[in-house]
Amino acid sequence: MTMENSPTSYEEIQRELKETTLLLETVFDSIPDIIGIQDTNRCILRYNKAGCEIFNKTNSELQGRHCYELLGRINPCENCATKNAIETKKPVFLIRYEKHLNMWFDVRAYPILDQEGKVIKVVEHLRDITKEKEREEALEKARKELEVQVGIRTKDLQKELEEHKRTER
């Protein structure tokens, strides 16, 4: 924005602020993955539309609750991406199965730092990978079954070869 295009009145500033806020909220809510913003105590500040839908709650019902409470826990998760992001001040990535939701998630936590480098909030991004995990499990099961079949067939062929060698003598 140049000085020529900058708002000159309080009303123009308010209008631009409302437009920017609407744009950011629309972008936030249009993301199909769960996006949550937490404070450093792991209390929910806000979820996007997908987050509210998965927990079947409004943002006002979610605000102030600990993230782990939403997963049916009374204590924080053992390997918490948000906690790790707060401690390391770096993005954290992990894969987690949430029994309470019966879903697998690709979990990413991104720390938000203030000007002094202190973590002030964390953005947590959860992508449902349940279908991918189910496909992986089905593929692994098929691989194991194939290995068994190959083993059986190999033994059969070895027996046939031995029998063929005996009959040739």
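**Note on the predicted model: strands, core and aromatic pairs**

1. Strand 4 (103–113) and strand 5 (119–128) run antiparallel and are joined by nine bridges. Two strands count as paired if DSSP finds at least two bridges between them. Helices (H or I, at least four residues) and strands (E, at least two) are DSSP runs, numbered from the N terminus. Within this pairing, D106 stands opposite R127 in strand 5. The two strands form a hairpin with five residues between them, and G117 in the turn has a positive phi of about 90°.

2. On the basis of the model: this is a prediction, in which local features need pLDDT of at least 70 and side-chain atom pairs count only at pLDDT 80 or more, while totals for chains, interfaces and linings use all residues. Residues are numbered from 1 along each chain as its sequence is written, and side-chain values use heavy atoms, with hydrogens and water left out.

3. Strand 5 also pairs with strand 1 (34–38); these two run antiparallel and are joined by five bridges. Here G36 stands opposite E124 in strand 5.

4. The largest nonpolar core has 24 residues, and Y47 and L62 have the most contacts inside it. Such a core is a set of buried Ala, Val, Leu, Ile, Met, Phe, Trp, Tyr and Cys residues joined through side-chain atoms within 4.5 Å. Buried means under 20% relative accessible area, exposed over 50%, and partly exposed in between (1.4 Å probe, protein chains only). At least two core residues come from each of strand 2 (44–47), helix 2 (49–55), helix 4 (81–88), strand 3 (92–98), strand 4 and strand 5. Strand 4 gives the most, with four residues.

5. Y47 is buried, with a relative accessible area of 4%. Leaving aside neighbours within four places in sequence, Y47 is in contact (heavy atoms within 4.5 Å) with F28, I34, I35, G36, C52, F55, N59, L62 and L70.

6. Helix 4 has A81, T82 and A85 buried. These residues lie on the same side of helix 4, because they cover an arc of only 100° around the axis; the arc is that of the directions from the helix axis to the C-beta atoms. The cover over the buried residues of helix 4 includes strand 1, strand 3, strand 4 and strand 5. K89 follows the helix and has a positive phi, near 60°.

7. There are two aromatic pairs in the structure. Rings of Phe, Tyr and Trp (its six-membered ring) pair if their centres lie within 6.5 Å; planes under 30 degrees apart count as stacked, over 60 as edge-to-face and the rest as tilted. Y47 and F55 have ring centres 5.5 Å apart and planes at 55°, so the pair is tilted. F55 is buried, at 14% relative accessibility. Y97 and W104 also form a tilted pair, with centres 5.3 Å apart and planes at 55°. Y97 is partly exposed at 33%, and W104 is partly exposed at 23%.

8. K133 lies over the face of W104, at 4.6 Å from the ring centre. The criterion is NZ of Lys or CZ of Arg within 6 Å of the ring centre and within 35 degrees of the ring normal.

9. Q63 is in the loop between helix 3 (59–62) and helix 4, and is partly exposed, with a relative accessible area of 45%. Beyond neighbours within four places in sequence, Q63 is in contact with I44 and L45. The C-alpha atoms of Q63 and K133 are separated by 31 Å.
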